[in-house]
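This briefing covers one protein chain, from its overall build down to single residues. The sequence and structure come first.

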Amino acid sequence: MHVLLVGLHRFTQPFGFCRYTANLFLSLKRVESLRVTLVLGKWQREYYKRALTLDVDDPDIIWVDLKRPAASRYLWYLRGVPQLARKLDVNVVHAAFPMPFVKAWFACPIVTTMHDLYAYDAPES
């Protein structure tokens, strides 16, 4: 099974969601029967590397280059994610947070997880 994990978000510094996404990606990579591809924004690269010690050169990470204003991100969620899911022939899209989408544009299921958005600098939360 191939999972597309969408973690692209607007933030330019780490927060709780980033830790969650990195941990989910690394955990899913350990499951033998799964292939996971993580999608992040290029502006997220440095803090995923520095703060979360993620191997940013991992071939299973796709770095999307787009403007961070909400309109360009939302358009990418609506158009780019379904196109990428088809291109990679994934079995499921996992949105690490609620994102806008049109179900008819996907040939696979879409799931999302909800989690506490505690501050990155308060891991004891």
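Between which helix and which strand does the loop with Asp-89 lie? Asp-89 lies in the loop between helix H3 (70–88) and E4.

The model is predicted: local features need pLDDT of at least 70, side-chain atom pairs count only at pLDDT 80 or more, and totals for chains, interfaces and linings use all residues. Residues are numbered from 1 along each chain as its sequence is written, and side-chain values use heavy atoms, with hydrogens and water left out.

**Overall build**

- The chain has three helices and five strands, where helices (H or I, at least four residues) and strands (E, at least two) are DSSP runs numbered from the N terminus.
- Along the sequence these elements follow the pattern β-α-β-α-β-α-β-β.
- The chain is as compact as a globular protein of 125 residues, because its radius of gyration is 14 Å, close to the 14 Å of the globule rule. That radius is taken over C-alpha atoms, and the rule is 2.2 Å times the number of residues to the power 0.38.
- Taken along the principal axes, the C-alpha atoms fill a box of roughly 40 × 35 × 25 Å.
- Of the contacts between residues at least 6 apart in sequence, 61% join residues at least 24 apart; a contact means heavy atoms within 4.5 Å.

**Surface and charge**

- Of the 125 residues, 46% count as buried. Buried means under 20% relative accessible area, exposed over 50%, and partly exposed in between (1.4 Å probe, protein chains only).
- The chain exposes about 7,100 Å², and carbon and sulfur atoms supply 54% of that area. Accessible areas come from the Shrake-Rupley method with a 1.4 Å probe; for residues, only the protein chains shown count as cover.
- There are 16 positive and 11 negative side chains, and the centres of the two sets lie 9 Å apart. Lys and Arg count as positive and Asp and Glu as negative, while His and the chain ends are not counted. Each charge is placed at NZ of Lys, CZ of Arg, CG of Asp or CD of Glu.

**Strands E1 and E2**

- Strand E2 (residues 35–41) is largely enclosed by the rest of the structure, because six of its seven residues are buried.
- Strand E1 (residues 2–6) pairs with E2 in the parallel sense over five bridges; pairing requires that DSSP finds at least two bridges between two strands.
- In E2, Arg-35 stands opposite His-2.

- Thr-21 sits in helix H1 (residues 16–29) and counts as buried, at 0% relative accessibility.
- Not counting residues up to four places away in sequence, Thr-21 touches Leu-5, Gly-7, Leu-38, Tyr-48 and Ala-96.

**Exposed loop residues**

- Most residues other than glycine have a negative phi.
- Thr-53 is not a glycine, yet has a positive phi of about 45 degrees. Thr-53 lies in the loop between helix H2 (45–50) and strand E3 (61–64) and is exposed, with a relative accessible area of 66%.
- Asp-89, also a residue other than glycine, has a positive phi near 55 degrees and counts as exposed at 62% relative accessibility.
- Pro-98 is placed in the loop between strand E4 (92–95) and strand E5 (110–112), and is exposed with a relative accessible area of 53%.
- Leaving aside neighbours within four places in sequence, Pro-98 is in contact with Thr-112 and Met-114.
- Pro-98 and Arg-86 are twelve residues apart along the chain, and their C-alpha atoms are separated by 20 Å.
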